[in-house]
Amino acid sequence: MLHPYRITDLGGEKNPLYKDPKAPIEERVNDLVARMTLEEKVLQLNQYTLGRNNNVNNMGEEVKKLPAEIGSVIYFDTDAELRNGLQRKAMEESRLGIPVLFGYDVIHGFRTVYPISLGQACSWNPGLVEQACAVAAQEARMSGVDWTFSPMIDVAHDGRWGRVAEGYGEDPYTNGVFCVASVKGYQGDTLADERRVAACLKHYVGYGASEAGRDYVYTEISKQTLWDTYMLPYEMGVKAGAVTLMSAFNDISGVPASANRYTMTEILKDRWKHDGFVVSDWGAVEQLVNQGVASSKKEASLKAFQAGMEMDMMSHGYDKYLADLLKEGKIPEERLNDAVRRVLRVKFRLGLFDNPYTKKSTEEERFLLPSSLEIAGKLAEESVVLLKNEDNVLPLSASAKIAVIGPIGKNKWNLLGSWSGHGRDGDVVSVYEGLEAEFKDKSRLLYAKGCDFEGEDESGFAEAVAVAKQSDVILLCLGEKKTWSGENASRSTLALPQIQEKLAMELQKTGKPIILLLSNGRPLELNRLEPVSKAIVEIWQPGVAGGKPIAGILSGRINPSGKLAITFPYSTGQIPIYYNQRKSGRSHQGFYQDITSKPLYPFGHGLSYTEFEYGAITPSATVVKRGEKLTVEVPVTNVGERDGAETVLWFISDPYSSITRPVKELKFFDKQLIKAGDTKVFRFDVDLERDFGFVDENGKRFLEAGEYYIMVKDRKVKIELVD
Ligand code: NOJ
């Protein structure tokens, strides 16, 4: 371990350039690096932890052991006192007074927890997600956190992988758009704003391809698929200004992401010109030994550092070995200086040198503000997906007697979802409480838990059946515990545990209509529950708003507008199943013999209480040349009785090209409120290069002459691109 410095003498110089807030950041960075010793530089490239640690996958570190020169810590506390203590040590006791960077997993809210990312994507409302991330940033920064390890933009096709909850679904473009929205929300216009935080795009790259949904394992990704499926959201996030990225745990076809020079240096730094830094995931440096590309932690540190990873999160590899590796001539000094510059640049941008301490504030001043709760509520509302509504059983009539049954009914904790920051169950409105407030004196509510989330105890069935018999309708609240998704939370099946399905079967025998409410962090296998349910409402893990939006949807006060950002397979055996699969040579054959080959609910599926009628797609031209502009429009009429929001998803299909392409690809989406009886025209400004073009296995973009189709719903229009 390196010795902490206790020298404050800068060689007699009172006002070094790097301390001048008016000097340009690059000059400050260079001035500072020129003054640093090897040991000081190395410590900037390490991240330890500080404070309470409630993540079972990570382990805490004692406060007092931290050196004053440490580059960064993961900060687990909910107010700034502890932070300011360590920061004072860094500013006053280290020789150069370099502030510490405090990071934390602010994934879907800090204290005002909003829906999991998978739910957010189903809102198709990036503007709202930007606002929610701004709330998270404000709460976090005012609590002493400068940097969030978010957004996670790992495209995922396998719901068994617990982390599917943390991303924006199966589509690269959707992940990219929500990535940009969250980067904007976190970072704002300037990172020096004391209500914004630095973003971190993770996990770079391909982690979502984990085999069979098992976490941390191998990923088989061809170079073409790397570019087609996984890189786009990162490219969009880097262009949006995300200052950091986290390297992933997975092995990309033989080269672990955390030792991957191609992705971290050639693409990120050389091609995309990213000037911030890459942090490892927790322990990912030393895990290169387990992955078998390094024989020791020292070699692992060398490989990761040379590949382009600047900061070591909790492997204690860089702090131990980088100085020796440099002295041995294995690491060029320029690489070390570049890495340090990258870390310092982010600290300067955050204004940490000029304002290192977090202002004192009360919890009331920073948490759960009415405007924050409103945003979280609106996002939860727009994330809800109405999957089924047979005979328009929903909304319920005001006087209906409702039996609320199931383990989710009165539960609060699980509605927070995985990685719920500093969220508390006391902040959450349960489904039952939401219904109580919504239906007040209008209708009677009855309740029975029926069964737990899992296990074999059927002793609650009889009470549930009795309660159901006294009611007009059953609201069956099933789903997952929050710990069933997130990191290290894989499941072998997308089906809910048998006990929950059994409860549904018992209730069905009462003949009362079942409205199935689902709260979960992954797509579910619903082929047994679907036939016994008149309606199915997916609320995901909605965060603090909990049961409020669903109550509004049941009463009809809210018209649901969410659509799936991920396919719900008919059964787990269909995985991987996703809308943008590549074309087959025999699309009329190749089906399963035992079950349907179609998913139960496809990508983009979601019902409303009103109906939308799409007109014809009108293009500005049907023949276009490279570089020309093309716009397409489609009128959408609300032909129902209620106002409602509709999202138009614009797809492109390229029937013939030099390499095979997916059957269709989402290129744009737009959501608008349409009043009953009104028509709104949706418009897509096509960028030929971006939308008709495709990338090759090196990420080089091509645009080929030929036919293309632009599609919305079941309509399409042919466009010809000529040279
Ligand atoms: C491991 C997780 O993979 C990553 O997403 C998270 O940001 C870090 N731990 C820090 O908690």
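Select helices α1 and α12 to begin: α1 passes α12 in a right-handed crossing, a crossing being right-handed if the near helix is turned clockwise from the far one by less than a right angle, and left-handed if anticlockwise. Helix α1 covers residues 25-35 and helix α12 residues 333-349, and the two pack at an angle of about 130 degrees with their axes 9 Å apart. That makes α1 oblique to α12, because angles under 35 degrees count as roughly parallel, over 145 as roughly antiparallel, 65 to 115 as roughly perpendicular and the rest as oblique. Axes here are lines fitted to C-alpha atoms, for helices over the stretch in contact, and angles run from 0 to 180 degrees between N-to-C directions; helices (H or I, at least four residues) and strands (E, at least two) are DSSP runs numbered from the N terminus.

This is a predicted model, in which local features need pLDDT of at least 70 and side-chain atom pairs count only at pLDDT 80 or more, while totals for chains, interfaces and linings use all residues. Residues are numbered from 1 along each chain as its sequence is written, and side-chain values use heavy atoms, with hydrogens and water left out.

Next, select the ligand and the 13 residues around it, of which D105, R163, K202, H203 and D281 come nearest; a residue is near a molecule if one of its heavy atoms lies within 4 Å of it. An oxygen atom of the ligand is 2.6 Å from an N or O atom in the side chain of R163, an oxygen atom of the ligand is 2.8 Å from an N or O atom in the side chain of K202, and a polar side-chain atom of H203 lies 2.7 Å from an oxygen atom of the ligand.

Now move to H316, in the loop between β10 (312-313) and α11 (318-327). H316 has a positive phi of about 50 degrees although it is not a glycine, and its side chain makes a polar contact with the side chain of D319 at 2.6 Å (a pair of N or O atoms within 3.5 Å; within protein, one must be able to donate a hydrogen and the other to accept it, and residues adjacent in sequence count only if both atoms are side-chain atoms).

Finish with the cis peptide bond that joins Y204 and V205, where omega is about 5 degrees; V205 lies in the loop between β5 (200-204) and α7 (223-239).
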